[in-house]
Amino acid sequence: MRLAVLGAGAVGASVAELAADYGHTVTALADSSSAAVDHEGVDVATALESKRTDGVVGSADPEAALDGEYDVLVEATPTTLGDAQPGFGHARTALERDRHVVLANKGPVAERYGEVRELERESDGEVLFEATVGGAMPVLSTIADFDADHINAARGVLNGTANFILTRMAAEGLDYEHVLAEAQDLGVAEADPAFDVEGTDAALKCVIVANVLAGDDREYTLDDAEVQGIEEIPGSALDLATEDGRTVRLIGEVTPAGEVRVGPRLVPENGTLAVTGTENIVQLETEHAGRLNISGRGAGGPETASAVLADVGRLPER
């Protein structure tokens, strides 16, 4: 397949670097201000080196990537809230050209899911978005395999930054601010960690799962989610939990009643949901197969790129 990759951050760059390993050709790579476009195949190494040294991937305008020759648009620009732009507009343009779309950007399917599906119905292209929920973990493909109609609920730990902080607080008896600073020093937390520690990132992922489970019955957005973060959790609460054989995790869930909730929850210290460090886990409650546990790396460039490229592999050849 010929790929146009929009976004040259950790995920987009990893998709471009790994595409050839999966038998695909990158015919366009764009960041927010530039693009490298070649219908015979972009020199990815040169484009990414240019990004590192000069701040641009090429000399073309970013719109040239959307207008070029490709079979699949990989949308890996940063997630934005509200109107989900520019990611939604990129997806719309590709679908209107009857191209496939693979999303790593959560915005379009968390904030404008119904519109994305309507555009897909009117297009010869398809939309897949495994990478938007749980990085490398095959959450959405598992739901598809079992059929969303036979999945009753989902819950899990869906943000590695928050999980790292809670794990360190419990293990070392440290307070939130101390561990947050440590996470930032290690690159586990962003300079502005609000998206992660306030629960927004986990909530977006749960909204996407809720949309997939609901199908055409209902559309969810972030406004439908009840969200609480971890910023106010004192170290003493984790100490008390440990004394009782439990710990605290930021748990996101889609309930059998269709509610979307994210917040700190007490879980058994050695239980399945008590994953440590940056590990993620999702539990699916199925109608006929009981509870399924899917765990792994929920973020990271190569990890998320593996989910993107798995989606590309599921698409029909054009």
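Thr247 stands opposite Val267 in strand β10. These two residues belong to a predicted model, in which local features need pLDDT of at least 70, side-chain atom pairs count only at pLDDT 80 or more, and totals for chains, interfaces and linings use all residues. Residues are numbered from 1 along each chain as its sequence is written, and side-chain values use heavy atoms, leaving out hydrogens and water.

Strand β9 (residues 246-254) runs antiparallel to β10 (residues 260-268), and nine bridges join them. Helices (H or I, at least four residues) and strands (E, at least two) are DSSP runs numbered from the N terminus; two strands pair if DSSP finds at least two bridges between them. Both strands lie in an open, mixed sheet of six, ordered β8-β10-β9-β7-β11-β12. At its edges, β8 (225-227) and β12 (291-297) each pair on one side only. From one strand to the next, the twist averages 30°.

Helix α8 (residues 160-172) packs on this sheet, touching β7 (151-157), β9 and β11 (279-286), and its direction makes about 165° with that of β9. Here contact means heavy atoms within 4.5 Å, while axes are lines fitted to C-alpha atoms, for helices over the stretch in contact, with angles running from 0 to 180 degrees between N-to-C directions.

Turning to a helix pair, α1 (residues 10-18) and α13 (residues 301-314) pack at about 60°, their axes 8 Å apart. Ala10, Val11, Ser14, Val15 and Leu18 in α1 meet a group in α13 including Pro302, Ala305 and Leu309.
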